[in-house]
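Let's take a friendly walk through this structure, strand by strand. Have your viewer ready and follow along.

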Amino acid sequence: MIFVAVGTQFPFDRLIRYVDEWAGNHAVAGFAQIAGGAYQPQHVRWERFMSTDAFNQHLQAASLIISHAGMGNIITALENRKPIIVMNRQHALGEHRNDHQLDGLEWMGKLPGVYTASTQEELYALLEQRHELQAASAAPGSRKQSLVDFIDQAIRA
Amino acid sequence: MSGKPKLLAISSPGGHWIQLTRLCKDLENRYNIVYAMPGDLFGTASTLKGKKVYSVTDVSADDKWRLIPCSLQVLYVLLRERPKAILSTGAAPGAVAIWLGSLLGIRTIWVDSIANVKQISRAGRLAQKRADIFLTQWEHLSNGQNILFKGAVL
């Protein structure tokens with residue numbers, strides 16, 4: 001099962017279409033959260049929006065997450081130890097107000113368990129090798145805990 | 001009234017806010033946390049998912065005049081709440097809070113956004129002049145002296 005989610009702010013028809021067509025051609029089951037998108041998936045089940053609980057259920061049932069380059073979905077995927085592919089929205093295609101999601105790919109791709117694609121070709125190349133995509137070996141909690149503990153000590157110092 | 005020390009946590013909406021609230025989630029049991037975030041209306045604190053959140057005027061490099069209302073509003077929050085410390089993940093309004101806080105003798109902590117992987121953010125460089133503790137979330141940006149790496153939200 002693959003789970004593709006594009007956040008709640010904008011549609012991201014291009015990504016939904018890529019994933020839907022790929023799933024159809026490869027007979028892979030999937031679920032899509034498409035927000036206000038005009039493209040309605042033909043091969044995977046879909047919802048426009050879903051509750052946090054429903055979202056987490058779909059995410060946990062999936063072996064691979066595909067998302068717009070948004071921090072929220074990355075955090076949720078990493079916390080659930082799922083590999084995630086992120087693709088940036090493009091300002092030139094009217095998909096976002098600016099191109100900050102392209103800048104985001106640069107740091108997101110340095111995180112363990114996060115893979116980045118900025119084109120259909122890159123996305124499909126990652127999907128072809130989906131069984132090799134690894135989730136982060138450690139939950140992100142340990143890096144956060146050391147940062148929080150340091151902040152706590154710094155305040156009390 | 002709780003005996004926990006008060007912390008003002010301030011950041012811009014979006015990714016900055018996600019990072020700030022993730023850090024604060026683990027600090028909630030140790031501090032009485034008051035939040036501030038740029039929003040539509042300045043006014044008394046409202047409640048967002050159980051958090052006390054002040055709304056302040058947003059400011060960026062493109063509209064520097066907003067520094068004036070933003071600074072006055074942050075000053076109001078600081079004088080009203082009298083926090084022991086200020087924590088910010090950016091951007092500009094957080095830097096304003098760091099400057100004003102340091103003038104008032106409040107302990108100030110800046111955590112540069114994880115999105116700044118190539119260099120410290122512009123607001124971060126401003127905050128760096130005044131922050132007591134300045135943290136990056138990327139090890140390669142630390143210099144081990146006044147820019148420290150101690151972990152990351154992810």
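Two strands count as paired if DSSP finds at least two bridges between them. Strands themselves (E, at least two residues) and helices (H or I, at least four) are DSSP runs, numbered from the N terminus. Please keep in mind that this is a predicted model, where local features need pLDDT of at least 70, side-chain atom pairs count only at pLDDT 80 or more, and totals for chains, interfaces and linings use all residues. Residues are numbered from 1 along each chain as its sequence is written, while chains are lettered from A and ligands numbered from 1 in the order in which they are written.

Let's begin in chain B. Strand β1 (residues 6–11) of chain B pairs with β5(B) in the parallel sense, over five bridges, and B:Ala9 stands opposite B:Leu87 in β5(B). Strand β5 (residues 85–90) of chain B is also joined by four bridges to β6 (residues 107–111) of chain B, again running parallel; here B:Ser88 faces B:Trp110 in β6(B). How many residues of β5(B) are buried? Six of its six are, with a residue called buried if 20 or more other C-beta atoms, placed from the backbone, lie within 10 Å of its own. Together with helix α3 (residues 92–103) of chain B, β5(B) and β6(B) make a right-handed β-α-β unit: with the strands pointing away from the viewer, the path from the first strand over the helix to the second runs clockwise.

Now turn to chain A, which has six helices and six strands. Its pattern along the sequence reads β-α-β-β-α-β-α-β-α-β-α-α. The radius of gyration of chain A, taken over C-alpha atoms, is 16 Å, close to the 15 Å from the globule rule (2.2 Å times the number of residues to the power 0.38) for 157 residues, so chain A is as compact as a globular protein of that length. Of those 157 residues, 38% count as buried.

The strands of chain A form an open sheet of six in the order β3-β2-β1-β4-β5-β6, with parallel pairing. Because β3 (45–47) and β6 (114–117) of chain A stand at the edges with a single partner strand each, one side of each is left without a neighbour in the sheet. Further in, four bridges join β1 (residues 2–5) of chain A to the parallel β2 (residues 30–33) of chain A, and A:Ala5 stands opposite A:Gln33 in β2(A).

Terms used: A residue is buried if 20 or more other C-beta atoms lie within 10 Å of its own, exposed if 12 or fewer, and partly exposed in between; C-beta atoms are placed from the backbone.
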